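I opened this notebook page to keep track of what I looked up in one model.

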Amino acid sequence: MKNTFTKNCLGHSRQHCAQILLAQGMDSITFGHWLAIPSQQLLLIFRHQHCVAVDSYQRAA
């Protein structure tokens, strides 16, 4: 699934990425320059409102 987000979100606006997630029925959490996707353990990183990186993260126990 990470490859799908990488292809669909890199270089796109925060709004575009949020629309992709909404269309796929996935929840996200917005904070600062990040958009977290808990169900996929992915973090979209934004600079100047455009996605510049997709990274995975570990859930806290």
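The entries below record what I looked up, topic by topic.

**Ground rules.** I am working with a predicted model, in which local features need pLDDT of at least 70 and side-chain atom pairs count only at pLDDT 80 or more, while totals for chains, interfaces and linings use all residues. I number residues from 1 along each chain as its sequence is written, and side-chain values use heavy atoms, with hydrogens and water left out.

**Layout.** I looked up the secondary structure and found 2 helices and 4 strands in the chain, where helices (H or I, at least four residues) and strands (E, at least two) are DSSP runs numbered from the N terminus. Read from the N terminus, the elements follow the order α-α-β-β-β-β. Of the 61 residues in the chain, 26% are buried; buried here means under 20% relative accessible area and exposed means over 50%, with partly exposed in between (1.4 Å probe, protein chains only).

**Sheet.** I then traced the strands, which form an open sheet of 4 in the order E1-E2-E3-E4 with antiparallel pairing; two strands pair if DSSP finds at least two bridges between them. The edges are strand E1 (29-31) and E4, each of which pairs on one side only. From one strand to the next the twist averages 20°, with axes taken as lines fitted to C-alpha atoms (for helices over the stretch in contact) and angles running from 0 to 180 degrees between N-to-C directions. E3 and E4 are joined by 6 bridges, and I noted that Ile45 has Ala53 as its bridge partner in E4, while Arg47 is partnered by His50. The two strands make a hairpin with 2 residues between them, and His48 in the turn has a positive phi of about 55°.

**Helix H2.** Which residues of H2 are buried? In this helix (residues 14-23) I found Arg14, Cys17, Ile20 and Leu21 buried. They lie on the same side of H2 because they cover an arc of only 125° around the axis, the arc being that of the directions from the helix axis to the C-beta atoms. On the other side of H2, Gln15, Leu22 and Ala23 are exposed. H2 lies across E1, E2, E3 and E4 and runs at about 10° to E2. Just after H2, I saw that Gly25 takes a positive phi of about 70°.

**Core.** The largest nonpolar core has 12 residues, among them Cys9, Cys17, Leu35, Phe46 and Val54; such a core is a set of buried Ala, Val, Leu, Ile, Met, Phe, Trp, Tyr and Cys residues joined through side-chain atoms within 4.5 Å. H2, strand E2 (34-37), strand E3 (42-47) and strand E4 (50-56) each supply at least two residues of this core. I also listed the contacts of Leu35 (heavy atoms within 4.5 Å), and, leaving aside its neighbours within four places in sequence, these include Cys17, Leu21, Ile29, Leu42 and Phe46.

**Cysteines.** How many disulfides does the structure hold? I found 0, a disulfide being a pair of cysteine sulfur atoms within 2.5 Å. For Cys17, the nearest cysteine sulfur is that of Cys9, 3.2 Å away. For Cys51, the nearest is that of Cys17, at 4.8 Å. Cys17 is buried, with a relative accessible area of 0%, and Cys51 also counts as buried, at 3% relative accessibility.
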